[in-house]
Amino acid sequence: MIQGQTVNLPLPPTIAPALSGLPPATGAFTGRDREMAALLQALAPSTADTDQRPVLVSAVSGLAGIGKTELAVQTAVRAVHEEGWFPGGVLFVDLFGYSPAGPLDPSRALGGLLRALGISAEHIPPSLQDCARLYRSALKTLAAAGRRILLVLDNAATADQVEPLLPTDGRTAALVTSRHTLDIGARLHDLDTLAPDAAVDLLSRAIREARGAEDTRIADAPEAAATIAQLCAGLPLALRIAAALLADHPSRPVASLAQALAAAHTRLERLSREDRAVRAAFDLSYQQLSSEQQLLFRLLPLNTGPDIGTEAAAELLGDDDPFETETLLQDLARAHLIEPGQTWGRWRLHDLVRLYADRLGGEQAGKDRREEAQDRLFQYYLSGTDAAAAHLAGVGPNTHFPDHASAIAWLNNEYDNLIESALVAASHSRLNSVVNPAFALSMFLGHGRRIDDWIRVFTTALEACRSRGDLSQEKWVLTNLGMALSAAGRFDEALALHNRAIAVCHQLDDPRGAANELGRACAALTGLGRYEEAADAGRRAVEALLLLEDLLSAASTLAALGLALHRAQRYDEAVNAHSAAVESFRALGQPLPEAKALADLGRTLLSQDRHDKACEVLSEALVILRHVGHRGYQAETLTQLGDGLLALGRTDEAVAAFSEGLSIYRELGDRRLTAAALSNLSHALDVAGRLNEAADAVAETVAFAADLNDPRALATVYECLGASMGNASRFEEAVDAYRQAVALFDHLDDARSAADARDNLGLALLSLLRTEEAVDALARAAADHRALADYPKEGWTLHRLGVALELAGRPAEARTVLIRAIAVFQGIADRPQEAQAWDSFGQTLRRLGRFDQAADAHTRALALFTDLADHAAAAYAAHSAAIAHNEHWRRSEPPPAPTPAP
């Protein structure tokens with residue numbers, strides 16, 4: 001019996017709930033395995049021994065066109081075919097939550113559901129409350145009778161619309177879909193866009209579903225297909241429309257559609273077909289918003305970075321209360337028109353939604369006072385960057401940031417937005433909005449070694465200055481761009497810009513600026529290896545700046561002069577320059593430049609082998625850098641400190657310093673410096689006797705070097721890897737590494753390096769007793785050394801080749817090769833190597849049974865080792881000579897005469 005408020009009705013003996021009422025499940029469904037598994041887990045019947053369980057409602061929410069309905073339908077089809085899950089079948093109702101005609105009234109929805117359950121129209125109560133009671137009672141009775149039903153409530157607009165339709169018996173399950181995150185006591189499932197591979201797969205499946213398996217256009221044009229998937233931003237609706245457009249014309253190339261969608265300003269219009277359009281789907285969601293929500297939505301694309309913070313969004317609105325803006329942002333997120341970022345307080349737009357919102361904003365730019373909003377956003381980023389830069393320069397707390405850590409955190413969070421806002425300002429001809437943020441960012445860009453962005457921002461700023469003819473601003477931009485290019489190792493370009501800046505300073509009658517630029521030219525000349533010119537420029541700049549009483553600039557130029565003198569190996573003068581720079585920066589209260597000057601001083605002291613003093617100075621620099629927070633300089637200084645500690649034999653401390661530097665380079669994402677740091681760490685581990693760890697560190701270096709698109713660097717790393725593997729007795733891996741090095745050096749036509757790598761390959765093969773392969777490698781290396789007229793290496797390799805031939809059981813050939821090796825060493829007067837070759841020659845002759853000649857060879861070796869005062873080697877040679885003499889005597893003595901018979 002079903003107990004309504006005023007009626008008691010018997011259910012029909014059999015009910016055929018409309019499984020056929022489900023929309024058809026497409027065969028092009030893909031990329032949702034994880035989401036479907038989570039939904040099926042929630043729908044599975046309870047195995048617990050209890051009469052009640054929580055309401056089995058799962059709510060799938062997401063952006064328009066994200067595939068919510070398809071996921072619910074596919075899940076329902078799977079669930080009803082699971083034996084015993086839903087014997088009563090499935091009921092589906094489209095609630096038309098975002099229809100232009102308005103959402104389906106819950107009373108009408110309940111009437112349809114009750115009729116599907118077999119309740120005749122005359123028994124359906126008129127009020128919503130009574131309908132809901134009757135409906136829930138029917139579901140409970142069916143579940144108790146073993147005819148459990150699955151409800152699919154699609155396209156709900158609000159909690160009020162869907163709540164009367166939810167079951168309450170603890171057994172009946174429901175799937176709800178909505179563009180909003182609804183507060184209905186359900187388990188929430190937020191649906192995201194498809195991954196790139198799944199997006200391409202959807203295109204392929206949809207076209208083949210329409211045109212048959214023989215349509216292989218997607219598989220035949222993978223790059224164009226991937227481009228379409230990217231332009232559709234993983235949105236299933238957009239992907240299905242793209243597939244339909246291709247299916248309409250079987251001869252249309254995939255690349256043609258990719259080209260048609262490439263232009264951002266027309267992409268939304270082109271993602272439409274008959275009754276389906278991406279923009280139309282977004283329109284229905286947008287129309288549900290309040291006017292304040294709509295305004296914020298239209299302004300958000302003015303922030304061209306990947307996401308936006310709540311405070312920046314408040315600036316767009318001109319709202320003094322970020323909490324009010326946060327409420328609006330949460331409303332937009334619940335409507336799935338924006339998405340929460342990785343951390344709280346960050347928000348992002350789907351790519352197609354961004355195009356849609358930007359189009360709406362452009363249409364209402366005057367009403368929204370869009371330019372004023374853009375200016376407020378620029379000013380917000382500029383003032384924040386200025387305040388953060390003050391912290392980087394060592395200036396104390398300010399109203400924006402209470403401490404250094406919070407300033408760095410803000411810069412990291414807003415980094416992409418700061419770069420993009422400067423670049424966008426250029427396109428809008430806002431000179432100050434380009435140049436001012438560029439200047440404010442320059443310290444942070446150098447601080448984090450974000451060199452490419454540093455160059456990009458100031459290149460844009462330079463173009464803006466020149467387009468406006470603003471020489472005063474151009475001077476400063478030239479300075480910063482030159483510094484960025486120097487940091488990138490592009491010293492020729494940097495020097496040209498600094499010389500141009502000097503000319504501009506003369507035009508502006510700015511002697512202070514000209515002297516500063518001369519100091520920066522000193523740094524660029526040093527990078528070019530023109531050390532004497534650099535030192536001359538540096539001295540002239542320091543003199544001019546001291547006359548102008550610009551003590552800070554003079555200190556900076558002293559540091560550059562010290563580096564030029566260091567590179568010229570004029571170390572005493574370099575120490576004086578660096579020491580003067582340190583004292584000046586300290587007196588002026590400039591901690592970061594002081595630390596950098598200390599690090600430069602430490603480097604020069606290392607070059608003088610004053611390792612104790614160098615480690616003291618470098619440790620002092622590190623204390624300051626850790627306080628200031630300059631991670632890039634910390635890593636450089638740790639590397640130098642590691643070198644000093646290693647020279648002092650403090651290997652464990654050196655390993656710790658190199659390890660810390662490596663972790664910083666990893667954090668900064670600098671792959672080239674990470675590879676160098678791994679190499680330094682490997683060497684320290686090798687010296688510390690931690691051979692396997694050293695080998696593993698070099699092996700990791702290979703992966704980084706392979707990404708640098710620098711075959712020579714990669715070949716060198718492979719050679720280091722071979723050495724480390726050999727030291728760790730991992731000879732198979734050593735052989736593999738040396739083979740890679742040989743191949744790369746051969747490809748580079750670097751015969752000298754290839755010959756060296758073959759030498760090492762031969763020795764690694766000998767360690768594995770793969771003698772024939774070793775002979776081949778060493779013979780080729782010896783020939784290459786001879787062709788290059790590198791006779792010391794030729795002799796060394798011939799000696800090893802002779803040993804390899806002897807181990808290969810080819811002593812006659814070994815004898816010939818060792819004679820050649822001895823001749824080479826005699827020709828270049830290399831007596832230590834000649835002595836060793838004579839000793840090896842003697843052993844080969846013993847193997848050939850020529851003991852008298854062997855004794856002579858060992859005796860020659862003995863004489864040379866004695867002259868060289870190599871007493872251990874002399875003793876061994878004497879022992880070998882004695883063995884050869886005895887064996888010769890034993891074999892050459894005539895046999896005794898026979899004893900006559902009695």
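Q: Which residue of strand 7 does Val60 stand opposite?
A: This is a predicted model, in which local features need pLDDT of at least 70, side-chain atom pairs count only at pLDDT 80 or more, and totals for chains, interfaces and linings use all residues. Residues are numbered from 1 along each chain as its sequence is written, and side-chain values use heavy atoms, with hydrogens and water left out. Strand 3 and strand 7 (residues 187–190) run parallel and are joined by 4 bridges, where strands (E, at least two residues) are DSSP runs numbered from the N terminus, as are helices (H or I, at least four), and two strands pair if DSSP finds at least two bridges between them. In strand 7, the residue opposite Val60 is His189.

Q: How many bridges pair strand 3 with strand 6, and in which sense?
A: Strands of a sheet pair through backbone hydrogen bonds, either parallel or antiparallel. Strand 3 and strand 6 (residues 173–178) are joined over 6 bridges, and the sense is parallel.

Q: How many residues of strand 3 are buried?
A: Buried means under 20% relative accessible area, exposed over 50%, and partly exposed in between, using a 1.4 Å probe and protein chains only. Leu56, Ser58 and Val60 point one way, while Val57, Ala59 and Ser61 point the other way, and all are buried. Strand 3 (residues 56–61) is therefore largely enclosed by the rest of the structure, the buried count being 6 of the 6 residues.

Q: How many of the 17 residues of helix 24 are buried?
A: Helix 24 (residues 511–527) reaches 25 Å from its first C-alpha to its last, close to the 24 Å expected at 1.5 Å a residue, the expected span being 1.5 Å times one less than the number of residues. What covers its buried residues includes helix 22 (471–487), helix 23 (491–507), helix 25 (531–547) and helix 26. Helix 24 is largely enclosed by the rest of the structure, because its buried residues number 12.

Conventions
Contact means heavy atoms within 4.5 Å.
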